[in-house]
Amino acid sequence: MQLDMDLQRGDKHFVLLLHIFINIHVVWGLFLGGADQYQRKVSLELNPGLNSTSSAPFNVSILHVKAVGNNDTLHFILASLGPPSLLLVHTGSSDTQLKIDWNRLMTENSSHSVWVEPVSSVLYSRALLFTKVWEYNDVNDTADFPSAPSKYMFPPYNLEDFVWDDLNKSVDKTAHTAKLCGKNVTDQDFVNGSICFKISAFDALGRDEEWPCFLHDANSSQIQFEIDSVLPRSNKSRFGLELVSIEENGVRSWIDTKHSIDDEYTPSIFQVYSLLSVKGNGSGPVLGYTHWKPVAYRNRTPVFEQATPSRHTGPQSKLFSNHWGLPIAFYGKDIEPKYTIMSVNITFGIAGEPYYNETYYLSWTSLVGIGSPPEDSFSTLVICIIAVGLGAPMAILLMGCIIVQLKRRKPVTPPGYQPIN
Amino acid sequence: MALKEENKRLLAEDDESEPSLSNSHSRYDSDSERQMSACCDPSHLLHRIIVLIFMCFLGFGSYFCYDNPAALQTQILQDMHATTSSFMQLYALYSWPNVVLCFLGGFLLDRVFGIRLGTVIFSLFVCIGQVIFASGALFNSYWLMELGRFVFGIGGESLAVAQNTYAVSWFKGKELNLVFGLQLSMARLGSTVNMNIMGWVYSRIELTLGHSGYTALGITLMIGSATCVFSLICALVLGYLDKRAEKILNKEQGKTGEVIKLTDVKDFSLSLWLIFIVCVGYYVAIFPFIGLGQVFFIEKFNFSPAQARAINSIVYIISAPASPVLGFMVDKIGKNVIWVLCAVVTTLAAHVMLAFTFWNPWIAMSLLGISYSLLACALWPMVAFVVPEHQLGTAYGFMQSIQNLGLAVISIAAGSILDNRGYLFLEVFFTSCVCLALIAVVMLYFVDLLRGGELNLSAKQRLKRQKISEAEDEKRQRLLQQRAEELARLRPMSAFGLRNRYLSRLGAQLPDHYCTHLSALAHRSVLK
């Protein structure tokens, strides 16, 4: 009986300790991250609204990533409708549905065949298109894409002309990833090669394990662009990628450059670029971003010596094209007056860097999301090392001072005995 | 082939020297005064100046080629497809043989080869090492390059000892300080020229070949090895001139006088061990950093390669004029521990600046240059304060051995940290190494304070104590002559103080090992 009581008392103590521990943890968590602890429930759905028996028509596949939060929902839609496109829709309710009218989507009149219900809940939307892959012959090894003579420019690969694989093959619903690969079927250079876009969705704050190790949160997803084993058209070929961003009018976008002293997660890269979309004249809140570091990797598992710098030009305004299936399906055919279209070119490699034909591989990663991009901070290890490194000498200095003072003040005991009286 | 023959000739001469000495001596004696002009007379200043020129260029090749990897970092990484860790192996492999050779160099020169043959042998090692290094690049095999650096390392550090021994044997009692100064400047000139010129040479060769790649790198390094061949020729000429002077002037072959007893280690005091820690913690945050510096400045601060090479050599450039000035200052003021503390704190600040700010790196690098010179002036002489004279050789040898061990290990670590964690972490790592040195200095200060403040005396106090102890020594010497060697302690003030002291005492015909510290000071870390 006594033993039982003791056990119970012990249990109580344990529970109390646990409570304290959890409380500390929560407080610590709030202190560290605050709102960044935000979580969403992420689910992936392929070709929503299409009968599972019938495969996607005309080699088109649409991946719907739904990230449900407490009182809002993020829809990421990756589609091989026209050029590979990513549509980002932010709604102000946790109960919204993506609807696709497949019959209309496949016809000429596909305007508004993709929509989110209820329509009124849409807070913000933007589309990101990967339209062209540039290739140029860098004969003089200057890696200066904007001023490369036109005779050295190869005709760009128009990604809307590519044939894209069925996403069903690559979708991973537990890891929240999918990879869209395509090739130019009429081109001999693509016999063994392909161009791929890999999407990763996230439900909470975290960091990618592979370089560039972007810090991501529940409001973002990551797109990795990859040129794999495509044969170059010259021995000194370098490549580039054209990004197109479609925003509502009244949203200003520009490229924000941040210098960071912290290259722990992406060694030797000290800049971060973000294509920011800001409400109003640039003074309003940041609505969304496309975020990248100026680095591409020349092999499948990124390592330091295979990193190659990337550069960008733009943004410049861009004319609308009738081939952009997904934007037309969502925004309608009459995009131009109501929306702003911008393009940014990312080019890979700088003067003196090896050409593409050294590894036949290139990968470049960007993070797309709503709100402001998550900000990196020093890792705990760095903070600890600095704290110990600077703290220990201080502590020893203090201890030394005390010891020396004590030694000096050592009371001199009077010789002989004290008088008795 | 020609080299070999000349070598053989030298060897043969060495063997014959004993029996023929008296003959040739008398012959020269009778002719010398009538026939020899000033530049051929070994006792004349003009002749010694000619010897000095050869002496200065003796070390030029090794100093020029030591930092070849740093000067060609981008090219080596690209053309040899090397990772940063394998690049840093090139530096580590230079240090490995010297972990042992620090103890052996003096012994080999004195007892085994003699100064002339020893110098030629070490020059040959340097030369062959550099040629192997270059052919490694030519044949696109990285392991051959690594082997080359190892062989280069065997010769490099010991050659510096030989160079100093030559200087003492030709200039003792005369212009020795100036000669040391000139050799020092030459060493720095070698490093600086290398840093700033090799990239340019590479680009010229790339232009002539029409393409970059390992061939261009190999040819560039082969051109670099010309400096080593030049140094080897200097070694042969010096050997000849020294031999000739021996015959004419009937003087002895120079000796380092280094005595190393490894069992002395057990007698080393806590202060000495702390000095060792300062030495290792400090230097590992300097040399590997300079090795990796070029690409760091290009990538973090967007410097052009030429600018990056210039800023990377600023530490050496600054230390050239700063060393004598700071040496004089430390000499006059004393308080060595405080100066070491200042140097370490300044270096810490410089590394923190480089790690955590985008401030113009010229500030941080200049600070690094000054503090580096200050540390060399204040730290190395401290060893002589805490070690009895007869153990100095062992203490300096041990210090350099540990330093080389640290350099080898940290070089590899730095390379792999950069490969995996980037520059911020690398700088934090170097910062923590300097912090270790700082902890050791602070502890050294208190240990010294509690034990009566031997190290941190001002120059005046030191002089006073020295006088007292000298007077006491004299008394004791009279009383206990057999224990005199144990009790007598030389208390020199700095590298230059040490040398001066040595010179002033030479007249008194002290035992050989009283100049042990001289050869120890010839090592790269002190000279640079």
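Is A:D228 buried or exposed, and what is its relative accessible area? A:D228 is buried, with a relative accessible area of 17%, where buried means under 20% relative accessible area, exposed over 50% and partly exposed in between, with a 1.4 Å probe and protein chains only. The model is predicted, so that local features need pLDDT of at least 70 and side-chain atom pairs count only at pLDDT 80 or more, while totals for chains, interfaces and linings use all residues. Residues are numbered from 1 along each chain as its sequence is written, chains are lettered from A and ligands numbered from 1 in the order in which they are written, and side-chain values use heavy atoms, with hydrogens and water left out.

**View 1. The salt bridge of A:D228 and A:R300.** The side chains of these two residues meet at 2.4 Å, N to O, a salt bridge being a side-chain nitrogen of Lys or Arg within 4 Å of a carboxyl oxygen of Asp or Glu. Because A:D228 lies in strand β14 of chain A and A:R300 in the loop between β19 (295-297) and β20 (307-317) of chain A, the pair ties together parts that are 72 residues apart in sequence. Helices (H or I, at least four residues) and strands (E, at least two) are DSSP runs, numbered from the N terminus. A:R300 is partly exposed, with a relative accessible area of 48%.

**View 2. The salt bridge of A:E226 and A:K179.** The two side chains meet at 3.1 Å, N to O, and the pair links distant parts of the chain, with A:E226 in strand β14 (residues 220-228) of chain A and A:K179 in strand β10 (residues 177-183) of chain A, 47 residues apart. A:E226 counts as buried at 6% relative accessibility, whereas A:K179 is partly exposed, with a relative accessible area of 29%.

**View 3. The salt bridge of A:E353 and A:R298.** Here the side chains meet at 3.0 Å, N to O. A:E353 lies in the loop between β21 (339-348) and β22 (361-370) of chain A and A:R298 in the loop between β19 and β20 of chain A, so the pair ties together parts that are 55 residues apart in sequence. A:E353 counts as buried at 15% relative accessibility, and A:R298 counts as buried at 7%.

**View 4. B:V344 in the largest nonpolar core.** This core has 159 residues, of which B:F297, B:V344 and B:L379 touch the most other members; a nonpolar core is a set of buried Ala, Val, Leu, Ile, Met, Phe, Trp, Tyr and Cys residues joined through side-chain atoms within 4.5 Å. Helix α16 (residues 392-450) of chain B gives the most to this core, with 26 residues. Leaving aside its neighbours within four places in sequence, B:V344 is in contact (heavy atoms within 4.5 Å) with residues including B:V278, B:Y282, B:L375 and B:V434.

**View 5. B:S323 in helix α13 (residues 314-333) of chain B.** B:S323 counts as buried at 9% relative accessibility. Leaving aside its neighbours within four places in sequence, B:S323 is in contact with B:R188, B:S373 and B:C377.

**View 6. Residues 378-404 of chain A.** Over these residues the chain is 93% helix and 0% strand, and the end C-alpha atoms are 38 Å apart.
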